[in-house]
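I opened my notebook to record what I could look up in this structure, going from the whole chain down to its parts. Each entry below covers one topic.

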Amino acid sequence: MEVGCFRHMMPSSFWKLMRWLNIGPERKLNAAHTLLRRFIKEMMERRKIKTGQVNNDDEEEGVDIVSSFLDDPYYANDDLFRAIIIGYMLAARDTVGTALTWIFYCLAQNPNIVSIMRNELSPIASHKVVAGVGTMVIFEPAETKSLAYVRAVLMEGIWGKDCLDYNPDRWLSKDRNSLRYVPSHKFLAFNSGPRMCLGKDIAVMQMMTVVASTLWNFDVHLLEGQSIEPKASCILEMKNGLMVKLKKRDV
Ligand code: HEM
């Protein structure tokens, strides 16, 4: 991601020369590519061995994206498959992780907004059967899909202009029960037009379930004394990460 940002800022002849000489950030990228390819190769081989094995009933089988691709004959070509996994890791992992970090950072400083979100989650949570004391309530994608306020909070977390004024209400309709229509060219976090993010719906679904489940089960407090600033990169991740304390709520 960092090197991608560097390439955007430099004339292409400059970074191409660096790539040819294998120096500076291009050397770093080359090393990262080698490591990533090795990691994916090992991961694919492990999954292939596992798929070929007879299932042991005692071992709980998880569903993971690599195994589901391996089962599909369309992705039988290893190079295509590797490219898809790299694309998925770069496009889907750091973007969602970074967006969630900033969202929790904003929410930890706005308890009034957290209360409104919990009010919206409350009718869904009340229908869930909790297994025992201390057990967490987990919200499924189908349950969070229609939650206008939680969705407005997500949009507010990745908004650009006047983002310092934290106000999820700007995304709601006048009656505050649904989202206001905002064309993609006015909300550019996922880009617009032919290069628009293909994973937008997956990203929103993932973030809704994480934000809803975390805030319902925990109070999020920022640890004092940390320096919060964005890193100069394409996705503006937090330079030093975010340290929070989670306190289990009695619900
Ligand atoms: C908060 C999360 C995310 C944000 C803010 C985001 C944002 C973006 C943006 C701005 C682009 C356009 C990049 C360009 O113009 O070069 C893009 C492209 C893309 N994104 Fe995302 N993204 C997110 C999550 C995801 C996820 C979860 C996936 C996959 C499951 C994904 C898959 C892709 C793909 C495949 C492209 C390339 C589209 C193309 O050029 O045809 N993204 N994303």
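**Entry 1: the whole chain.** I began with burial, and I noted that buried residues make up 13% of the 251 residues in the protein chain, where a residue is buried if 20 or more other C-beta atoms, placed from the backbone, lie within 10 Å of its own. I must keep in mind that this is a predicted model, in which local features need pLDDT of at least 70 and side-chain atom pairs count only at pLDDT 80 or more, while totals for chains, interfaces and linings use all residues. Residues are numbered from 1 along each chain as its sequence is written. The C-alpha trace spans about 55 × 55 × 40 Å along its principal axes.

**Entry 2: helices and strands.** I found nine helices and two strands in the protein chain, which are DSSP runs numbered from the N terminus (helices are H or I with at least four residues, strands are E with at least two). Read along the sequence, the pattern is α-α-α-α-α-α-α-α-α-β-β.

**Entry 3: domains.** An automatic or database domain assignment gives domain 1 (1–53 + 62–76) and domain 2 (93–251). Taken over C-alpha atoms, the centres of domain 1 and domain 2 are separated by 29 Å. I then looked up where they touch: four residues of domain 1 are in contact with five residues of domain 2, contact being C-beta atoms, placed from the backbone, that lie within 7 Å.

**Entry 4: a helix pair.** How do helix 8 and helix 9 pack? Helix 8 (residues 148–157) and helix 9 have an angle of about 110° and axes 10 Å apart, the axes being lines fitted to C-alpha atoms over the stretch in contact, with angles from 0 to 180 degrees between N-to-C directions. The two helices are therefore roughly perpendicular to each other, a term for angles of 65 to 115 degrees. On the helix 8 side I listed V150, R151, V153 and L154, which meet V204, M207, M208, V211 and A212 in helix 9. The residues of this contact divide into eight nonpolar, no polar and one charged, with Ala, Val, Leu, Ile, Met, Phe, Trp, Tyr, Cys and Pro counted as nonpolar, Asp, Glu, Lys and Arg as charged, and the others, Gly among them, as polar.

**Entry 5: the ligand.** I counted 17 residues around the ligand, the closest being A91, A92, T95, C197 and G199; a residue is near if its C-beta atom, placed from the backbone, lies within 6 Å. Helix 5 (78–108) and helix 9 (200–217) each supply at least two residues of this shell, and helix 5 gives the most, with seven. By class, the shell has twelve nonpolar, four polar and one charged residues.

Key: Parallel < 35°, antiparallel > 145°, perpendicular 65-115°, else oblique. Contact = placed C-beta atoms within 7 Å. Buried ≥ 20, exposed ≤ 12 C-beta atoms within 10 Å, placed from the backbone.
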